[in-house]
Amino acid sequence: MQISKSIILCLLCYTSLFSSSHLTPSDVYAEVMQIQKELIILKKYFKTKNNISYYKIKTPLKPRHAWQKTYEIMLKINILRLSHNMPVLEPSAMAPVLNLDPALTFEQTQRILTEIRIFKYRLLIKAKVSEKQKFNNKTPLDVYNALNKASVVLDILNGGEFTPSHVFGETMRIFDDISTILAYLNINNHTIPTKRRDDSSPFDTFNVGINILSRIEQIQKTFAIESINFYSFKKNKITPSDVFSLTQLILAELQTIKAYIGLDDYVTPYAKHYKNKTPADVDQMMGWSLRQISLISLDSNRKGK
């Protein structure tokens, strides 16, 4: 039986659409460059300092980490909007997956660009960015570092980094995820909060976070989930924003465990808004989360796909 020319044409069109929907890290990187250009326009408008110093990561990362960095950027855009008496919207959240499609990070870049352009419109800023460039052979790490640079520019526009109260909200999201994992695995959660250390610093909390990531890495290896060693993230000078970024890496890694064991419909709740939190509060919650995740036995006889 012969296939009509119209059906063949439809099939060709469908194939073309399917091919064009396959987005790579290079495509995402091109969009992040547009975000950086838009932020340069805002910097010029607000006459902020030109020097940008940010920590460039060298550890190979995954699309899930870049996606989580876009969440961080959306939060900073909300802070910028609040400072100009504009209402805010909650950042996007999504169900856990083992391997995140770069297309989802691409979608996030479009949300970021839209929010920035709305902000410009509200301030009557008419300057536009140049045409988008094409890039090749970019990796999720390139995307992450480019997003990280954009995040630092937003710190400059906001006149400061995240506060301990912002970071505390993310530690509560980690705590919620781990508690949910333990309950789903029928693990008796007998933990209690760690002793409060009033003299704790972001450096102390950062190291607790690295220990949480190390524990997650061990669990991932047990479940045959592709893991990453975050030890190289350690550095001597740590700020609340560094701790915040680390919480996002922890959340990204927890999604893989949730997806593996069958919690793939459990979306991490949005962060609540807290006030007057201190580094000691953040440190105590991170310490408690470390105690919780240490309860997961490193054997393969758990629920999973």
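# A chat about helix H4 and its surroundings

Me: Which residue follows H4, and what is its phi like?
Reply: Leu 124 follows H4, and its phi is positive, near 60°. Helices (H or I, at least four residues) and strands (E, at least two) are DSSP runs, numbered from the N terminus.

Me: Where is Leu 124 found? Is it buried or exposed?
Reply: Leu 124 sits in the loop between H4 and H5. With a relative accessibility of 70%, it counts as exposed. Buried means under 20% relative accessible area, exposed means over 50%, and partly exposed lies in between (1.4 Å probe, protein chains only).

Me: What kind of model is this, and which residues count?
Reply: This is a predicted model, in which local features need pLDDT of at least 70 and side-chain atom pairs count only at pLDDT 80 or more, while totals for chains, interfaces and linings use all residues. Residues are numbered from 1 along each chain as its sequence is written, and side-chain values use heavy atoms, with hydrogens and water left out.

Me: What is the mean pLDDT?
Reply: The mean pLDDT of the protein is 89, and 90% of the residues reach 70 or more. Here pLDDT is the predictor's confidence in each residue, from 0 to 100.

Me: And where does pLDDT stay under 50?
Reply: It stays under 50 over residues 1-20, for which the model has one contact beyond four places in sequence. Contact means heavy atoms within 4.5 Å.

Me: How many helices and strands are there?
Reply: The protein has nine helices and zero strands. Of its 305 residues, 49% count as buried.

Me: Back to H4. How many residues does it have, and what is its reach?
Reply: H4 covers residues 102-122, which is 21 residues, and spans 31 Å from its first C-alpha to its last, close to the 30 Å expected at 1.5 Å a residue. The expected span is 1.5 Å times one less than the number of residues.

Me: What happens at the start of H4?
Reply: A side-chain oxygen of Asp 101 comes within 2.9 Å of the backbone nitrogen of Ala 103.

Me: Which residues of H4 are buried, and what covers them?
Reply: Among the buried residues of H4 are Phe 106, Ile 112, Leu 113, Ile 116, Phe 119 and Lys 120. Their cover includes helix H2 (25-46) and helix H3 (63-83).

Me: What does Lys 120 pair with?
Reply: Lys 120 forms a salt bridge with Glu 38, with the closest N and O atoms 2.6 Å apart. Glu 38 lies in helix H2 and Lys 120 in helix H4, so the pair ties together parts 82 residues apart in sequence. Both Glu 38 and Lys 120 are buried. A salt bridge is a side-chain nitrogen of Lys or Arg within 4 Å of a carboxyl oxygen of Asp or Glu.

Me: How many salt bridges does the structure hold?
Reply: The structure holds 16 salt bridges. One of them joins Asp 283 and Arg 197 (2.8 Å, N to O). That pair links distant parts of the chain, with Asp 283 in helix H9 and Arg 197 in the loop between H6 and H7, 86 residues apart. Asp 283 is buried at 3% relative accessible area, whereas Arg 197 is partly exposed at 37%.

Me: Which residues are linked in a network?
Reply: Salt bridges link Lys 69, Glu 72, Lys 76 and Asp 155 in a network.

Me: New topic. How many residues are in the largest nonpolar core?
Reply: That core has 49 residues, and those with the most contacts inside it include Leu 61, Phe 233 and Leu 254. Helix H8 gives the largest share, 10 residues. A nonpolar core is a set of buried Ala, Val, Leu, Ile, Met, Phe, Trp, Tyr and Cys residues joined through side-chain atoms within 4.5 Å.

Me: What is Phe 233 in contact with?
Reply: Leaving aside neighbours within four places in sequence, Phe 233 contacts Tyr 55, Ile 57, Thr 59, Leu 61, Phe 206, Ile 210 and Leu 249. There is also a second, separate core of 32 residues, including Leu 23, Ile 73, Ala 103 and Leu 154.

Me: What about Glu 253, buried or exposed?
Reply: Glu 253, in helix H8, is buried, with a relative accessible area of 1%. Not counting residues up to four places away in sequence, the residues that Glu 253 touches include Arg 64, His 65 and Phe 230.

Terms used: A polar contact is a pair of N or O atoms within 3.5 Å; within protein, one must be able to donate a hydrogen and the other to accept it, and residues adjacent in sequence count only if both atoms are side-chain atoms.
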